[in-house]
Amino acid sequence: MDDDDDGVGYEEFVASRAQALLRYGFVLTGNADDAADLLQEGLVRLRGAWGRVVDKRDPEGYVRTIMARQHISAWRRRRREHLMGSVPERHYDDRGLERAEHDPRLWEALAALPRRQRAVLVLRYYEDLPDEEIARTLGISRGTVRSQAARALGKLRADWRPAAAQTVGGTDDR
């Protein structure tokens with residue numbers, strides 16, 4: 001076509017380097033379909049600029065640059081934030097939380113837990129402390145805090161049901 005006699009032709013370049021460029025696209029995206037799209041876009045742009053490519057001995061570098069820039073552009077478009085004029089501040093009432101907090105059966109179930117499990121739950125959910133601080137306060141490891149919390153929550157889930165969930169004949173037995 002319009003290829004120089006001393007340089008490699010476009011079709012020859014594509015035939016010899018397309019698989020390597022596809023692997024490069026896969027490394028960029030981690031997805032075979034996205035890699036194929038990047039390669040296709042890169043080769044289309046290379047074909048349009050083939051006569052202007054300064055160093056025809058390295059058209060692969062040109063295509064790799066196109067592919068990398070296209071990938072970055074697509075990534076930026078996907079993660080772009082949508083800014084708002086004002087912060088949407090709305091109050092949220094969790095009625096289930098209110099019901100649970102005032103349900104004496106929850107406190108009875110909590111009191112029935114072993115002391116360490118009860119302490120972990122109170123410090124984590126009532127005092128809102130992070131695991132590291134709970135571990136320091138109780139003199140135990142962070143892993144122990146997590147395992148005690150998991151066991152305690154498992155026991156609470158098995159033993160306690162919110163008052164609204166325990167109905168007899170359609171009436172609430174609170």
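This is a predicted model: local features need pLDDT of at least 70, side-chain atom pairs count only at pLDDT 80 or more; totals for chains, interfaces and linings use all residues.

Trainee: What is the distance between the end C-alpha atoms of helix α1?

Mentor: Helix α1 covers residues 10-29, and its ends are only 25 Å apart, short of the 28 Å that a straight helix of 20 residues would reach. In α1 there is also a kink of about 55 degrees, centred on Arg-17. The bend at a residue is the angle between axes fitted to the seven residues ending there and the seven starting there. After α1 comes Gly-30, with a positive phi near 75 degrees.

Trainee: Which residues of α1 are buried?

Mentor: Buried means under 20% relative accessible area, exposed over 50%, and partly exposed in between (1.4 Å probe, protein chains only). In α1 the buried residues are Tyr-10, Phe-13, Ala-18, Ala-20, Leu-21 and Gly-25. In α6 they are Gln-117, Val-120, Leu-121, Leu-123 and Arg-124. The cover over these residues of α6 includes α5 (104-111), α7 and α8. Of the 174 residues of the protein chain, 27% count as buried.

Trainee: How many helices and strands does the protein chain have?

Mentor: The protein chain has 8 helices and 2 strands. Along the sequence they follow the pattern α-α-α-α-α-α-α-α-β-β.

Trainee: At what angle do α6 and α8 pack?

Mentor: Two packed helices are described by the angle between their axes and the distance between the axes. Axes are lines fitted to C-alpha atoms, for helices over the stretch in contact, and angles run from 0 to 180 degrees between N-to-C directions. Helix α6 (residues 115-126) packs against α8 at about 100 degrees, with the axes 8 Å apart. The two helices are therefore roughly perpendicular to each other. Angles under 35 degrees count as roughly parallel, over 145 as roughly antiparallel, 65 to 115 as roughly perpendicular and the rest as oblique. By class, the contact of α6 with α8 has 8 nonpolar, 3 polar and 5 charged residues. Here Ala, Val, Leu, Ile, Met, Phe, Trp, Tyr, Cys and Pro count as nonpolar, Asp, Glu, Lys and Arg as charged, and the others, Gly among them, as polar.

Trainee: Which residues of α7 meet α8?

Mentor: Contact means heavy atoms within 4.5 Å. Asp-131, Glu-132, Ile-134 and Ala-135 of α7 meet Arg-142, Val-145 and Arg-146 of α8. These residues divide into 3 nonpolar, no polar and 4 charged. Helix α7 (residues 131-138) and helix α8 (residues 142-159) pack at about 100 degrees, with their axes 8 Å apart. That makes α7 roughly perpendicular to α8.

Trainee: Is Ala-135 buried or exposed?

Mentor: Ala-135 is buried, with a relative accessible area of 8%. Leaving out residues up to four places away in sequence, Ala-135 touches Ile-140, Ser-141, Arg-142 and Val-145. Arg-142, by comparison, is partly exposed, with a relative accessible area of 38%.

Trainee: What is the phi of Asp-128?

Mentor: Most residues other than glycine have a negative phi, and most peptide bonds are trans. Asp-128 has a phi near 60 degrees, a positive value in a residue other than glycine. Asp-128 lies in the loop between α6 and α7, and is exposed, with a relative accessible area of 63%.

Conventions: Residues are numbered from 1 along each chain as its sequence is written. Side-chain values use heavy atoms; hydrogens and water are left out. Helices (H or I, at least four residues) and strands (E, at least two) are DSSP runs, numbered from the N terminus. The expected span of a helix is 1.5 Å times one less than its number of residues.
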